[in-house]
Amino acid sequence: MEVFTRWHAWETARADITASGAPVDLDGLERAVAAALRWHGDQRRPTGAPYVEHLLEALEVLVRGAGVTAPAVLSAAVLHDVVEDTPASLADVEAEFGPEVTELVDWVTKPPAAGAGRQAKRAARAAYLRRLGEAPHEAVLVKLADRASNVQTLDRMAPDFQRRYYAETLTYIAPLAESEPWFRAWYAAWRRHFAHLQ
């Protein structure tokens, strides 16, 4: 299973993309990275690493792994958590990046739970994940890259979380990968790698 953890800084990502010759709009992508850094601020991942590392991993999955170069998809991958996890709104995203990127971010933004408590949160999460089956192709690519970043190092998380996240990924995310050859193969390899969690 290939792991995508090389791009921990935009400078590394930009250098790698330039060297690869991939037809990527680097200036537009740099604007998205700058906005994500501004909105996420000092936010950290559960591991304590800067949150931007997750965003750049999702970008790396798309560019280095799946060979995606579509500007809106790449920008949305970098911005995919700003509405869910920061004070930024969809209107803020649209003001800076236009309706196409905003629509993709909207599709991958989990809405808040209707009630309080664990059960309400789980119900909202399940509804959100089921709804992704209706998402446009470009939004599915963003979600597949987001989840690939999150699950590629699943063994670093608490055992209970590992089992729960593994099952959720197989139930909701892996089926989305079926129509995407590169992602289908990657998730199949990931499933084998973490098969002990079944």
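**Group meeting: helix packing, salt bridges and one threonine**

Let's start at helix α1, residues 10-20, which holds Ala13. One caution before going on: this is a predicted model. Buried or exposed, then, for Ala13? Buried, because its relative accessible area is 0%. Now look from Ala13 to Asp27. The two are 14 residues apart along the chain, and their C-alpha atoms are separated by 12 Å.

Next, the salt bridges. Side chains of opposite charge can pair when their charged atoms come close. How many salt bridges does a search of the whole structure find? Twelve. I'll take three of them.

First on my list, Glu96 with Arg38. The closest N and O atoms of this salt bridge are 2.4 Å apart. Glu96 sits in helix α6, residues 90-107, and Arg38 sits in helix α2, residues 26-40. The pair therefore ties together parts that are 58 residues apart in sequence. What about accessibility? Glu96 comes out at 31%, so it counts as partly exposed. Arg38 has a relative accessible area of 48%, so Arg38 is partly exposed as well.

Next on the list, Arg64 with Glu60. Their side chains meet in a salt bridge at 2.3 Å, N to O. Glu60 is buried, with a relative accessible area of 0%. Arg64 is partly exposed, at 39%. The pair also belongs to a network. Which residues are linked in it? Glu2, Glu60 and Arg64, by salt bridges.

Then Lys110 with Glu84. The closest N and O atoms in that salt bridge are 3.6 Å apart. This pair links distant parts of the chain, 26 residues apart. Lys110 is in the loop between α6 and α7, while Glu84 is in helix α5, residues 82-85. Lys110 has 28% relative accessibility and so counts as partly exposed. Glu84 is partly exposed too, with a relative accessible area of 29%.

Stay in that region and move to Thr86. Where is Thr86? In the loop between α5 and α6. Thr86 is buried, since its relative accessible area is 11% and the cut-off for buried is under 20%. Now its side chain. Leaving out residues up to four places away in sequence, Thr86 touches Trp39, His40, Gln43 and Asp81.

Last topic: how α7 packs on α9. Helix α7 covers residues 118-131, and helix α9 covers residues 159-177. What is the angle between them? About 35°, with the axes 10 Å apart. The crossing of α7 and α9 is right-handed. Here is who meets whom. From α7 come Arg122, Arg125, Ala126, Leu129 and Arg130. They meet Arg164, Tyr165, Glu168, Tyr172 and Ile173 of α9. By class, this contact has five nonpolar residues, five charged residues and no polar ones.

Arg38 of α2 and Glu96 of α6 are tied across 58 residues of sequence. Glu2, Glu60 and Arg64 form a salt-bridge network. And α7 crosses α9 in a right-handed sense. Thanks, happy to take questions.

Definitions and conventions
Residues are numbered from 1 along each chain as its sequence is written. This is a predicted model: local features need pLDDT of at least 70, side-chain atom pairs count only at pLDDT 80 or more; totals for chains, interfaces and linings use all residues. Side-chain values use heavy atoms; hydrogens and water are left out. Axes are lines fitted to C-alpha atoms, for helices over the stretch in contact, and angles run from 0 to 180 degrees between N-to-C directions. Helices (H or I, at least four residues) and strands (E, at least two) are DSSP runs, numbered from the N terminus. A crossing is left-handed if the near helix is turned anticlockwise from the far one by less than a right angle, and right-handed if clockwise. Contact means heavy atoms within 4.5 Å. Ala, Val, Leu, Ile, Met, Phe, Trp, Tyr, Cys and Pro count as nonpolar, Asp, Glu, Lys and Arg as charged, and the others, Gly among them, as polar. Buried means under 20% relative accessible area, exposed over 50%, partly exposed in between (1.4 Å probe, protein chains only). A salt bridge is a side-chain nitrogen of Lys or Arg within 4 Å of a carboxyl oxygen of Asp or Glu.
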